[in-house]
Every structure is written in C-alpha cells, then in structure tokens.
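Here are a few notes to read alongside the model. Have a look at it first, then go through the points in order.

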Amino acid sequence: MKSRARAGNEDAAHYRMQVLDDLDGVRAEDWARLQRATAGANGTVLAGSVGADRGGCAVNPFGAAPLFEKHHSYGEYVFDWAWADAYRRNGLPYYPKGLVAVPFTPVPGPRLLAIHAEARAALAGGLVQAAQHLAWSSLHVLFPDQADSVALASQSLLERKGVQFHWHNPGYADFGEFLGHLTQPKRKKVLAERRKVREAGIVMQVLNGSDISEGDWDFFYRCYTMTYALHHSTPYLERPFFSLIGQSMPEHLAMFVARRGVNGKRVAASLLFHDTQAIYGRYWGALEYIPCLHFEASYYAPMEWAIARGLSRFEGGAQGEHKMARGFLPVQTNSFHWLAHPAFNDAIARYLEREAGGIDEYLDELRERNPLRGAGAAPG
C-alpha cells in the first residue's frame, strides 16, 4: 500500500506503508531510531505493552504508529459513545474502529513517530488508508502533540477540542508553598479535607512500580472493581493487565495505598502513570468510604510526591470541575477523527464545529474562576 504526503509539496516522496500484526515485525534499531528522533523534537515518549494480539503497527523505516482495532470505546477519555449510538440507530456498525493512542490512560505526546514532517504526513495518510483497507468505520488519534496535529490536519481528519484539568508545579519547595498560592477559601478547603483524613487515622504509603508485588496488585484490583460496583458497572480491565504493566513498565508506575495506621489495614489505593516530567491520570478505588480520602489518595498525596520528585505537572484528566478547587487549571486538548461514511463524516464535522465554540466559551468561564492568587490563564 502506498501513501503520498499531502503537505503542500508537489514533490513529496511516495512511501510504502505496511501494517504488521505485532511488533515482532519491527526491527529494534528502527523503532529505537524513530523513538529517539520523535522524543528529541517533542518530549518524552511513554511506551509500554498491552499484548500483541490487540494491535499492530503501521511502519516503515521513516515512521511508525501504534494502531489498535477496538470493539468498544472504553479507556479512551475522548468520548464517542453518542457517535456509536447514532450509527446503531441508523442500522450501521460503528465497531470495529481504529485507535492511535496510549492505551487506557490520557497520556499526551507523539503518536506518529517519524523522522521528518513529510514522513509524518505520509504516515497520517497511511493510517487512513489502513482504516479503509480494514473496513473500519472510523479512525481516532487521541492527544497528539503539535507536530502530529499539523500532519493529521493535512490529511483532512476532523479536529475535536476537549478540556482537561492540569496542576502545574513551577518549582514549589513543598506542598505548603503550593497552598500559599491558593486563594484563602480554596486553601482552607484543602487543609480541612486533609485534616479529616488524618483524623480518621489514615496514613498514605507510596509504592514505586518495581516495589509493587502481586499481592499489592490483588489489593489494588479489589479497590478498582469496587469503584465500578458502586456505579453499577463492570470494569473493562482484567486483573492480568495490571501484572503486565507492572512487569513491562514499572518505571512509569506509582501506587498510593491508604492504611489505617502505619502498619494497619489497607483501605484504598490509586494508581498513577508518570514519566520524568509529569503524572498522567489515575485509577482509584476504596474498600470502604472515608470522607475526603479520594482527594487525598488521588490528588494531594500525588501532588506532594510530584513536588518531591521535581515533576512539572499533574494531568488530572477530563471531567470534574471540583479539581479546580484543588489547584488544577483547565487546559485545551485535541484529538483527530476520520469517518468512512460520508454523511456521518459531514454531520460530525458540523457537530464538532459547534462543540468547539462551546469549548472556547467553557474555557473562558473556567479561567475566570482561577483558584490561584494573582494567576492568569492556565498554561497550554
């Protein structure tokens, strides 16, 4: 299969695009070269493993991208359930669909690993061709960086705006210094919430990835499933997944465990992903309700940990304006989408145009409620 880069260059070279069933078909030196080239230009590439039977890799010596076939929309953090429902109501299948993303967590960054802009544009076009060849309803590229966004837009994918809430660390000495930058009502609220957790006798323990045992994963999974049970839902990640990431990418994991006393009963846990710059998202669960423990395990303890490690931000994910009261600021995100059905593509394009206007207004409204003293608009 061949693809031509469409980046305003009449002399753009042709590239041969190949879709592989697993990473065994990628030479280690080629993958490392692409990763170095992309990371050097765009920041850290967070890589892990989810099992070879779940995806493939559109690859050539000039570029590569992880490409997953999905039969649901769980774990993506860019919600397209309404699109799937519209297809269903019109008697059309929405699944399977294609996905280019870091699975199961909203980590942003490079999605199209390429050695230069021309190859990146060709790779974007090759992904669309792969989706067409595989008869997928659609292709979705989530949380790309700026260079990828330019390449994807050049291939006429539809851009969708979103909002996440990020906490930024300009170099705080400790959590107390951060609190000093909050407005007085917000500072008082955080202190009161942390005091309630202490008064309940809760002590937080942090386990870095390599220190997480199978017993710890068993406990965490009980907490994780309990959260779904409380919402009358079923978890989409199975227990072996957590052992897999614990083995394949421990350097990117941190587990925060809540105990009743230093050596007491474990009652809750949160799991966060991180690189050398930031914390991304989290999974959380508790075996019993303790007031304000969710905020301690999912926000405050990780923020303290980030300050101690010198991490620059905590990307708390979408939804939940309550995060702003705890120092998280709204940040615009984007994703790109291609839909095979012309009528649906046109309808969703019109919808996204209207949605983008609403997102802009929403961001303006949120930024007026900035919880930091004397702060301007959120970075990003």
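1. The crossing of α6 and α9 is left-handed (the near helix is turned anticlockwise from the far one by less than a right angle). This is a predicted model, where local features need pLDDT of at least 70 and side-chain atom pairs count only at pLDDT 80 or more, while totals for chains, interfaces and linings use all residues. Residues are numbered from 1 along each chain as its sequence is written, and side-chain values use heavy atoms, leaving out hydrogens and water.

2. Helix α6 covers residues 184-199 and helix α9 residues 293-309; they pack at about 110 degrees with axes 10 Å apart. That makes α6 roughly perpendicular to α9 (65 to 115 degrees).

3. On the α6 side, Val190, Glu193, Arg194 and Val197 meet α9 residues Leu293, Phe295, Glu296, Tyr300, Ala301 and Glu304 (contact means heavy atoms within 4.5 Å). By class, that contact has six nonpolar, no polar and four charged residues.

4. Now for another helix pair: α7 (residues 214-230) and α8 (residues 239-248) pack at about 135 degrees, their axes 10 Å apart. Their crossing is right-handed. Among the residues making the contact are Trp217 and Tyr221 of α7 and Phe242 and Ile245 of α8.

5. Is Gln164 buried or exposed? With 3% relative accessibility, Gln164 counts as buried (under 20% relative accessible area, with a 1.4 Å probe and protein chains only). Gln164 sits in strand β9, residues 158-168. Leaving aside neighbours within four places in sequence, the contacts of Gln164 include Pro106, Phe143 and Leu329.

Notes. Axes are lines fitted to C-alpha atoms, for helices over the stretch in contact, and angles run from 0 to 180 degrees between N-to-C directions. Helices (H or I, at least four residues) and strands (E, at least two) are DSSP runs, numbered from the N terminus. Angles under 35 degrees count as roughly parallel, over 145 as roughly antiparallel, 65 to 115 as roughly perpendicular and the rest as oblique. Ala, Val, Leu, Ile, Met, Phe, Trp, Tyr, Cys and Pro count as nonpolar, Asp, Glu, Lys and Arg as charged, and the others, Gly among them, as polar. Buried means under 20% relative accessible area, exposed over 50%, partly exposed in between (1.4 Å probe, protein chains only).
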